[in-house]
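I opened this structure for the first time today. I kept notes on each thing I looked up.

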Amino acid sequence: MLDPAFVRDRLDEVKHGLRSRGLDPDAELKAFLEADAERRALIPEAENLKREQNAASEDVARAKREGRDVSDIFAANKARGQRIKELEKRVAEIDEARTRALVNIPNLPHASVPAGTSAADNVEVRRSGEPRAMDFEPKPHWEIGAALGILDFERAARMSGARFSVLMGAGARLARALIDFMLDLHTREHGYTEIEPPFLVNTAALTGTGNLPKFEQDLFKIAGDWNLFLIPTAEVPLTNLHRGEILDGRLLPLRYTAYTPCFRSEAGSYGADVRGLIRQHQFDKVELVKFTHPETSHDELESLTRNAETILQRLGLPYRTMLLCTGDMGFASAKTYDIEVWLPSQKAYREISSCSNTEAFQARRASIRFRAEGTGKAEFVHTLNGSGLAVGRTLIAILENYQQADGTVTVPEALRPYMGGLEVIAPA
């Protein structure tokens with residue numbers, strides 16, 4: 001959430017940021033500005049009435065000492081007190097309306113983010129590895145997995161419908177190996193603390209990260225009287241670990257990682273991603289989250305992105321890292337890097353991780369602050385998050401990049417200790 005004082009005092013800058021996202025700033029800000037204007041008109045009136053009320057108390061005492069009739073003063077006090085209550089009630093209503101308006105306004109892009117309207121305007125910042133030359137036509141992962149007997153969409157559809165999958169045998173073991181490999185790397189080498197969070201969270205948690213109220217259609221809500229949703233990503237519970245807290249700034253940055261299943265409705269997605277594992281309603285992911293000092297958060301974004309890239313480097317998978325333009329960033333992000341892995345069947349790079357700095361946007365919504373030296377004035381932390389990595393998409397990349405002409409798949413060396421020494425996945 002944006003700072004209301006910042007929006008009011010630097011309105012032109014806010015409008016420019018929203019316009020760079022491809023939004024109509026007047027429409028986005030209309031409800032907030034109307035509520036804020038009414039609030040600013042009412043606050044001085046309420047404060048003046050309170051000052052008059054305090055002065056009237058002294059008049060009553062003086063009149064009583066002088067033996068004068070105080071009934072008129074009491075009547076005026078009563079009317080004034082009623083008006084003060086009315087104003088306070090209205091200000092509270094306006095504050096709620098102002099907050100409702102603010103939570104639907106996206107974050108502003110950082111100055112280093114390139115202007116643009118779509119993915120075509122994203123900027124490549126680096127790439128690693130060269131796509132492997134294959135002397136045969138590469139197959140898509142769903143054909144490879146079916147032929148190996150490790151991936152089944154039909155049985156999943158009978159249980160759960162479209163966009164679910166069953167991993168079997170070496171496929172299930174490969175997914176588990178990837179999870180363990182990622183967690184080991186991030187905890188042992190990158191300094192993250194592993195967390196096992198709840199997979200169900202409440203409305204407040206999702207509001208804190210920016211998923212609610214604007215994107216409820218993307219979530220799965222528990223039926224009945226439960227105020228709970230299935231998590232769309234571990235970013236939600238990890239960020240909310242410190243909701244409502246004031247952190248000791250001397251301990252920052254805090255680094256957390258977690259493996260969780262993720263659940264998304266994928267409302268509105270279509271096209272080539274409907275088939276296979278790219279866009280599933282349920283998928284596995286290892287997430288990275290940081291709480292940092294504002295002054296160092298963009299340096300921490302660079303290191304978080306490098307942490308995610310390390311997984312692909314160790315697996316020998318070609319990838320490129322893209323800096324997203326203003327029109328392609330997520331709602332809560334001030335700056336985002338997408339890491340895209342090479343998929344031979346598509347002859348294209350596809351997103352496998354998104355690493356973002358939300359600055360104080362989530363922290364303000366979730367009331368997460370810090371004191372720089374452990375004492376003194378509290379200010380909002382900056383929160384960062386990124387996939388480290390999406391397990392299903394990494395599995396896709398391995399099947400496609402390590403496929404062989406005879407239909408087998410070579411297991412990357414880094415994963416073999418996690419696969420019991422298995423070097424090749426072959427049909428059972």
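**Ground rules.** I am reading a predicted model, where local features need pLDDT of at least 70, side-chain atom pairs count only at pLDDT 80 or more, and totals for chains, interfaces and linings use all residues. I number residues from 1 along each chain as its sequence is written, and side-chain values use heavy atoms, with hydrogens and water left out.

**Open sheet.** I looked up a sheet of three strands and found it open, in the order β8-β14-β15, with mixed pairing. Its edge strands, β8 (246–248) and β15 (378–380), each pair on one side only. I noted an average twist of 40° from one strand to the next; axes are lines fitted to C-alpha atoms, for helices over the stretch in contact, and angles run from 0 to 180 degrees between N-to-C directions. Strands here are DSSP runs of E, at least two residues long, and helices are runs of H or I, at least four, numbered from the N terminus. Two strands pair if DSSP finds at least two bridges between them. I then checked β14 (residues 369–371), which runs antiparallel to β15 and is joined to β15 by three bridges. F370 has E379 in β15 as its bridge partner.

**Strand β10.** I asked how many residues of β10 are buried. Nine of the eleven in this strand (residues 282–292) are, where buried means under 20% relative accessible area, exposed over 50%, and partly exposed in between, with a 1.4 Å probe and protein chains only. β10 pairs with β9 (residues 254–263) in the antiparallel sense over ten bridges, and L254 has F291 in β10 as its bridge partner. β10 is also joined to β16 (residues 382–390) by seven bridges, again antiparallel. There I found K290 opposite L384 in β16.

**G81.** I located G81 in helix α4 (residues 71–102). G81 counts as buried because its relative accessibility is 17%. I also looked up P237, 156 residues from G81 along the chain, and the two C-alpha atoms are separated by 45 Å.

**Second largest pocket.** A pocket is an open set of points on a 1 Å grid over the protein atoms alone, with protein on both sides within 12 Å along at least five of seven lines; lining residues have an atom within 4 Å of a point. I noted about 320 Å³ of space in the second largest pocket. Its lining has 16 residues, and L2, F6, N107, L108 and E359 lie nearest its centre.

Key:
On a 1 Å grid over the protein atoms alone, a cavity is a set of points where a 1.4 Å probe fits but cannot get out, and a pocket is an open set with protein on both sides within 12 Å along at least five of seven lines; lining residues have an atom within 4 Å of a point. Grid points are joined across faces, edges and corners, and a volume is the space filled by probe spheres set on the points.
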